[in-house]
Amino acid sequence: MKERFMAKRSLLVGFGGFLPDRVVSNAELAERLETSDEWIKTRTGITRRHLVGPNDTAASMGAEAARRALDYAGLTADDIDAVFVATATPDQAFPATAVRVQAALGMKQGFGFDITAACSGFIFALSTADAFIRSGQIRNALVIGSEVYSRIMDWEDRTTCVLFGDGAGAVVLSASDEPGDRGILSTHLHSDGTAGDLLYVDGAVGQPDKSGHLKMSGRDVFRHAVGKLSSSVDEALEAEGLSYADVDWLVPHQANIRIIEGVAKKLNLPAERVVVTVDRHANTSAASVPLALDEAVRDGRIQKGDLVLMEALGGGLTWGSALVRL
Ligand code: ACO
């Protein structure tokens with residue numbers, strides 16, 4: 001039997017992202033929809049998005065993001081004990097996208113499963129992996145968010161299809177007992193199924209009469225977003241006895257620049273301390289936080305030792321936050 005290693009914390013040691021090649025601008029969408037670059041930009045901050053080609057899937061993109069995260073960490077797939085994939089757009093109902101990723105990485109050891117919490121999926125997966133690590137059950141985990149929302153869009157519905165993009169992001173988490181406070185300090189998860197009809201996918205396996213498209217009451221989701229995200233940010237800081245002034249970086253879910261700015265204002269954080277990718281990626285759901293994190297770590301904005309606050313809200317409703325000392 002494998003010896004249990006009682007970790008003090010889970011450290012984020014690797015970061016990776018993958019965006020499909022095809023870039024679609026607002027202007028291109030406006031050629032076939034009654035919309036405009038101006039409307040999309042002012043309401044959401046989005047200027048363009050990446051969309052998958054026929055061969056990309058949640059598993060293929062997730063595996064590529066994972067390879068990049070492993071490279072960053074200086075680890076190989078052989079070092080990984082578990083793969084957690086947050087996705088609302090799995091390749092198949094089963095097997096889990098996580099085991100497809102395992103196979104793509106050549107892993108025969110360990111285990112993998114998917115986590116469905118829509119746009120909050122990465123925070124939920126990070127929290128799950130952290131619990132497995134701190135319980136001593138695993139030492140190294142891949143935590144991936146990977147989404148192909150372009151395949152659940154109604155491309156005739158301008159109120160939803162302009163908002164989303166495809167992509168994948170990944171982190172490697174490693175057990176650590178080093179002194180100090182680096183690693184995941186705390187995570188805070190919430191869901192409220194009574195608001196399930198505000199944002200959902202119409203249909204699933206066994207419902208062939210349904211469209212299979214994403215449906216959203218945009219204004220209602222917006223109304224919930226700033227309040228719930230702000231309270232989960234407060235919850236994270238209170239749990240650690242920290243204040244807004246201690247936060248070095250906000251890495252928010254990238255749904256809409258107005259939601260991001262609303263939370264940043266509440267935190268009193270200047271725009272330079274908020275990682276924004278929604279302008280170029282649009283909303284990539286569970287992939288948005290790890291993609292933003294990867295970008296800001298690789299370009300040197302986020303440094304070792306920085307206090308990073310991540311938050312997300314999505315269909316469910318689900319919402320949550322993670323406070324991490326990098
Ligand atoms: N182009 C042009 N006009 C549009 C478009 C479009 N793409 N979409 C809607 N409109 C029209 C509407 O039909 C409406 O017209 P009307 O007044 O003649 O009826 C008008 O624009 C205003 O529509 P609203 O829905 O009131 O616009 P609003 O300012 O609320 O912005 C938006 C809509 C951007 C969806 C906003 O509500 C929002 O961001 N909500 C948050 C939802 C979100 O981000 N969801 C993502 C998933 S959840 C998450 O990740 C947090």
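Biologist: Where is cysteine 119 found?
Modeller: In this predicted model, cysteine 119 is in the loop between strand 5 (111–115) and helix 5.

Biologist: What makes cysteine 119 count as buried rather than exposed?
Modeller: Its relative accessible area is 7%. Buried means under 20%, so cysteine 119 is buried.

Biologist: Which residues does cysteine 119 touch, not counting those up to four places away in sequence?
Modeller: It touches His253, Asn283, Ser285, Ala286, Ala312, Leu313, Gly314 and Gly315.

Biologist: Which residues does UniProt list for "active site"?
Modeller: The UniProt record, an unreviewed entry, lists Cys119, His253 and Asn283.

Biologist: How do you know whether they gather at one spot or lie apart?
Modeller: They span 165 residues in sequence, but no two of their C-alpha atoms are more than 8.6 Å apart, so they gather at one spot.

Biologist: Where does asparagine 283 lie, and why is this residue called buried?
Modeller: Asparagine 283 lies in the loop between helix 9 and helix 10 (288–298). Its relative accessible area is 5%. The cut-off for buried is under 20%, so asparagine 283 qualifies. Leaving aside neighbours within four places in sequence, asparagine 283 is in contact with residues including Cys119, His253 and Gln254.

Biologist: What is said about phi of alanine 282, and what makes this residue buried?
Modeller: Phi of alanine 282 is near 60°, a positive value in a residue other than glycine. Alanine 282 lies in the loop between helix 9 and helix 10. With a relative accessible area of 0%, against a limit of under 20%, alanine 282 is buried.

Biologist: Which value does phi of alanine 118 take, and why does this residue count as buried?
Modeller: Phi of alanine 118 is near 50°, again positive in a residue other than glycine. Alanine 118 lies in the loop between strand 5 and helix 5. Its relative accessibility is 14%, and buried means under 20%, so alanine 118 counts as buried.

Biologist: Is glycine 316 buried, exposed or partly exposed, and what makes it so?
Modeller: The relative accessible area of glycine 316 is 26%. Buried is under 20% and exposed is over 50%, with partly exposed in between, so glycine 316 is partly exposed.

Biologist: Where is glycine 316 found, and with which residues is it in contact?
Modeller: Glycine 316 is in the loop between strand 12 and strand 13. Leaving aside neighbours within four places in sequence, glycine 316 is in contact with Asp192, Gly193, Ala195, Gly196 and Leu199.

Biologist: Is the peptide bond from glycine 316 to leucine 317 cis or trans?
Modeller: That bond is cis, with omega near -15°. The peptide bond from phenylalanine 94 to proline 95 is also cis, with omega near 0°.

Biologist: How do you know whether the span of helix 7 agrees with its 22 residues?
Modeller: At 1.5 Å a residue, helix 7 (residues 218–239) should span 32 Å, and its end C-alpha atoms are 31 Å apart, so the two agree. Helix 7 does have a kink of about 25°, centred on alanine 225.

Biologist: What covers the buried residues of helix 7?
Modeller: The cover includes strand 8, strand 9 (199–201), strand 10 (214–216), helix 8, strand 12 and strand 13. Among the buried residues are Val221, Ala225, Leu229 and Val233.

Biologist: In what order do the four strands of the open sheet come, and which are the edge strands?
Modeller: The order is 8-13-12-11, with mixed pairing. Strand 8 (183–191) and strand 11 (249–252) are the edge strands, as each pairs on one side only. The twist averages 15° from one strand to the next.

Biologist: In which sense do strand 11 and strand 12 pair, and over how many bridges?
Modeller: They pair in the parallel sense over four bridges. Two strands pair if there are at least two bridges between them, so four is enough. Valine 251 stands opposite methionine 310 in strand 12.

Biologist: Which strands does helix 5 touch, and which does helix 8 lie across?
Modeller: Helix 5 (residues 121–134) packs on the sheet and touches strand 8, strand 12 and strand 13 (318–325). Helix 8 (residues 257–267) lies across strand 11 and strand 12, running at about 150° to strand 11.

Conventions
Residues are numbered from 1 along each chain as its sequence is written. This is a predicted model: local features need pLDDT of at least 70, side-chain atom pairs count only at pLDDT 80 or more; totals for chains, interfaces and linings use all residues. Side-chain values use heavy atoms; hydrogens and water are left out. Helices (H or I, at least four residues) and strands (E, at least two) are DSSP runs, numbered from the N terminus. Axes are lines fitted to C-alpha atoms, for helices over the stretch in contact, and angles run from 0 to 180 degrees between N-to-C directions. Contact means heavy atoms within 4.5 Å. UniProt positions are given in the numbering used here, feature names are shortened, and annotations may be inferred rather than shown by experiment. Buried means under 20% relative accessible area, exposed over 50%, partly exposed in between (1.4 Å probe, protein chains only). The expected span of a helix is 1.5 Å times one less than its number of residues. The bend at a residue is the angle between axes fitted to the seven residues ending there and the seven starting there.
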